[in-house]
Amino acid sequence: MTITPELIEQHQLTPAEYQKIVKLLGREPSYTELGVFSVMWSEHCSYKSSRIHLKKLPTQGKHVVQGPGENAGIIKLDTAGIGGGWVVAFKIESHNHPSYIEPFQGAATGVGGILRDIFTMGARPIAVMDSLRFGPPLDSPNAEHNRRILTGVVSGIAHYGNCFGVPTVGGECIFEECYSANPLVNVFALGVCKENEIFYARASGIGNPVIYVGAKTGRDGIHGASMASAEFTEESKQKRPNVQVGDPFLEKLLLEACLEAMKTGAIVAIQDMGAAGLTSSSCEMGSRGGVGIDIDLDLVPQRESGMTAYEMLLSESQERMLLVAEKGREDEVFQVFRKWGLDAVTIGVVTVAEQGVGKLRVRHYGKLVAEIPNPALADEAPRYDRPHNVKPYRRVTFEPPAHIPASKDLNADLLRLVASPDLCSKRWIWEQYDYMVRTNTIVGPGSDAAVVRVKETGTSIAMSLDGNGRYCYLDPREGAKLAVAECCRNLATTGAVPVAATNNLNFGNPERPEIMAQLVEAIEGIAEACAFFEAPITGGNVSLYNETLGEGIYPTPVLGVIGLMKTAVPAPVQFRGEGASILLLGGLGQGFQNGDHALRFGSSQYAKVILNQLWGLPPQLDMAHEKRVHDCVREILAAGLAESAHDLSDGGLAVTLSESCTNEIGARVSIEAGERVEFTLFGEAPSRILLSTHDPARIHEIALRYDVECPRIGVTMKERLQIGDGDAMWIDIAITDLKQSFENGLPKLLQTHNVG
Amino acid sequence: MKVGVVVFPGSNCDHDAWYAINKNLHGKAEFIWHDSTDLSNVDAVLLPGGFSYGDYLRCGAIARFSPVMNAVKRFAAEGGIVIGVCNGFQILVEAGLLPGALLRNQDLKFVCREVTLRTETTDSPFTSKLYKGQLLHLPIAHGEGRYFADDQTLDALDAEDRIAFRYVDNPNGSIRNIAGILSRERNVLGMMPHPERACDPLMGSSEGLGILESVLSAAPVSALTR
């Protein structure tokens, strides 16, 4: 087939990129080779727009064993001298585009893909979390469609994770109109293994066999990676065949077989076949190991007949792995896979690098159909310094409205807030996930951070996912820093020390300078905060082109931070008994200059839900203060002084108090109104943690030492949540009403509207 | 008393059961691969939760044809103690070792939560350490847990005191709130809730211990008769 400019364009390659291919090959590529390049050089696989900026992220730290560049990051599971010898592999991945086109399978295969990234490193997955963004389930022209995507995505995640046998222990779910046509499905997974049992994806040993294991190759998912690298148009909905279909049962068998085969000692390298399947796994393993790889497609197990080399190389059929074994020990590997009823076939061989360059050579029906230097595919992809010297995109005012209307009924406002889509209980979602399987879940969904124990070690891993598109839209740099701070605060509130992070950068079209500016600002914000909180980034994912018909999403960096702690049950989020003092570590957040409150109130949930507006800036973060709060709360928790602990975030103090009142115990809180009572009740100033205790004096001592404010704002009591100042009572609600609004929020939104 | 925990392709609560028996209860449990046909080495058999054979066709419908199930049937017929949890219950029903069927939950969704069970009988090797009416807080995690049987079967189960547990708040639409039932000879128990997930204070509830303790302290019937 002749390579025409139209063909090049169809493959989403620019003329300049095509010229680079010709130069690297020293000739025109074949049609098959063009396909291979188009996938490996896609935004999704090559990070061509983000790579130069991702370099700014901190990746080193005393716990880091493996930073970015492998299938997952790895850190040491070592805290206070226990947990030594064990490591944690973890990463986050997006499956946004497929989930829009086919919510159930898109989300399911998103889970499958990230799980393979974990166990390909030798680690058994023990936890999954999801960060989800959808369009509003109500009051939107797309509401019905949004509900369909939400229910589809949730059942897809449940289907895959539950059957595979990994607990889904937490996550977040936010609704904004901008996600109506661009839902975000980011899946985080984490696994553990012994440090001396880590496997890498570096091929080595000339003459070693290259073995294909797992599901057969079909025509599904061809060009999935390129699809994920373009904006959506009306035609995109016709791309359904591009979405892969997952089989969690097969993946479970693949997991058990791979971990068992690794124990034979006969495996040299292993990588999952994710985006761009056979192509990426072979050229990346070859490139990392500095060797060549020969593959004979006739030997590849195939689901259907008559597939071309192009189709086989680009297929994204799920549940497949490629591994390199020691020559002569193939049978040990085959035996394990046979036991689990899986295909395992030698399809190629590791070859010598000629003049230092290993080549990927592919034969089909005895003919050489592709011959490409591995580094050309894996490392030589174009890198762009896309223009970004403009103000990040935003189309709302800085100025607060001239008159922010005074609340007519603060009780009604609070009830509306706790029932609103972002703030209500997500029980309807997480009860569909098995969050307990493997009996390690100490803290499951619905808390600040999830905590999963590692039985063999006496240590536990705390993990938190967070992102706030509204904050980032108003100020991408500050918004990204706030996300890191929030994750670290969540961990601190369970008593854990943050040790590492992963990130998923969801943005619009990077070819638009004001979008690229958002991306650069956010990355720099993450870099600054991760360095400050000593949570280096060990890997992650970039998802660009989240635009449909020119409408982009809010810039949405999602952070996943993990922390370590000694195994113990942390203080719960809810108040536990009457008569305990309620303390607000970090203070009321009233210390701004006049006017600043109003400026920063525009990013709050109150502004969104009650005022239906967005303006100004995100809350102000003082990282040094934030860190002191974390250290302080960890000391308080370690001393066993807190009966409950819950960090303040979306919805501010009143919503946090409401959440702490969901276990039969209420509170009477007395605070000063400040500039405006709405700001005090619902302002979202960070660096604050709500504690209840019978020993306020000792907590005050500790707080004083850390130079952190810690006013006593009230006392727990039966039945009601009351907030006021002396005689003025702003909030007075029965906690049964609060709980009902909180728990019924999502089911009401979804079920009164007959979701199919 | 040694418990054999059967591992089908797709079982995923096998390790949890193994851990609860060996580590939380300091008993003895070992894995039995699904193609094994020899159960002479164990005194009780546990069919764990999970998605055996991917729940293809119907939950438990393929696992019942697994080689080990012929051995389990013989073992049960000889009086051996067999407990099926969640997917294990589904397999026992498909294999005809227990009556009735497990249908999709009433609201058609998978549900994972802690539920309250009422102990309906103490006359079994699985409930001997409990008292009648004892409430147990145990987790459920299933999409197909709605117990169903015809009236005649249900009346018989009631009359023969073979309903081991009922839900206090029915989470899935099970008929007559049934959460677990016994075989006529009372040596086979199937239940949807997971006692093995509630054997460790760190997990929030250790109220599953009573059931597994009952099993571990039962007379190894099988050894006497075989």
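How many bridges join β3(A) to strand β6 (residues 184-194) of chain A, and in which sense do the two strands run? The legends below refer to a predicted model, and the first view takes up this pair.

**View 1. Strand β3 (residues 86-94) of chain A and its pairing with β2(A) and β6(A).** Strands β3(A) and β6(A) run antiparallel and are joined by 9 bridges. Within this pair, A:S94 has A:N186 in β6(A) as its bridge partner. Strand β2 (residues 73-76) of chain A also pairs with β3(A), in the antiparallel sense and over 4 bridges. Here A:I74 is bridged to A:A89 of β3(A). Strand β3(A) is mostly covered, with 8 of its 9 residues buried.

**View 2. Packing of helix α15 (residues 410-419) against helix α26 (residues 735-751) in chain A.** Two packed helices are described by the angle between their axes and the distance between the axes. For α15(A) and α26(A), the angle is about 35° and the axes are 7 Å apart. Helix α15(A) contributes A:L415, A:V418 and A:A419 to the contact.

**View 3. Helix α23 of chain A, residues 652-660.** This helix is mostly covered, and 9 of its 9 residues are buried. The buried residues are A:G652, A:L653, A:A654, A:V655, A:T656, A:L657, A:S658, A:E659 and A:S660.

View 4. Chain A has 26 helices and 28 strands. Buried residues account for 63% of its 756 residues. The C-alpha trace of chain A spans about 90 × 50 × 45 Å along its principal axes. A compact globule of 756 residues would have a radius of gyration near 27 Å, so the 26 Å of chain A agrees with that expectation. Of the contacts in chain A between residues at least 6 apart in sequence, 83% join residues at least 24 apart.

**View 5. The open sheet of chain B.** Its 9 strands follow the order β2-β1-β3-β4-β11-β10-β9-β6-β7, with mixed pairing. Strands β2 (28-33) and β7 (135-142) of chain B stand at the edges; each has a single partner strand, so one side of each is left without a neighbour in the sheet. From one strand to the next, the twist averages 25°. Within the sheet, strand β4 (residues 81-85) of chain B pairs with strand β11 (residues 188-191) of chain B in the parallel sense, over 4 bridges. B:V85 stands opposite B:M191 of β11(B).

**View 6. Helix α5 of chain B, residues 209-217.** Helix α5(B) is mostly covered: 7 of its 9 residues are buried. These are B:L209, B:G210, B:I211, B:L212, B:S214, B:V215 and B:L216. The buried residues of α5(B) pack against β1 (2-7), α1, β3 (44-47) and β4 of chain B.

**View 7. The contact between chain A and chain B.** Chain B gives 22 residues to the contact and chain A gives 23 residues. On the side of chain B that touches chain A, the elements giving two or more residues are α1 (14-24), β6 (111-119) and β7 of chain B. That side of chain B has 12 nonpolar, 5 polar and 5 charged residues.

Technical notes: Residues are numbered from 1 along each chain as its sequence is written. Chains are lettered from A and ligands numbered from 1 in the order in which they are written. This is a predicted model: local features need pLDDT of at least 70, side-chain atom pairs count only at pLDDT 80 or more; totals for chains, interfaces and linings use all residues. A residue is buried if 20 or more other C-beta atoms lie within 10 Å of its own, exposed if 12 or fewer, and partly exposed in between; C-beta atoms are placed from the backbone. Two strands pair if DSSP finds at least two bridges between them. Axes are lines fitted to C-alpha atoms, for helices over the stretch in contact, and angles run from 0 to 180 degrees between N-to-C directions. Two residues are in contact if their C-beta atoms, placed from the backbone, lie within 7 Å. Ala, Val, Leu, Ile, Met, Phe, Trp, Tyr, Cys and Pro count as nonpolar, Asp, Glu, Lys and Arg as charged, and the others, Gly among them, as polar. The radius of gyration is taken over C-alpha atoms; the globule rule is 2.2 Å times the number of residues to the power 0.38.
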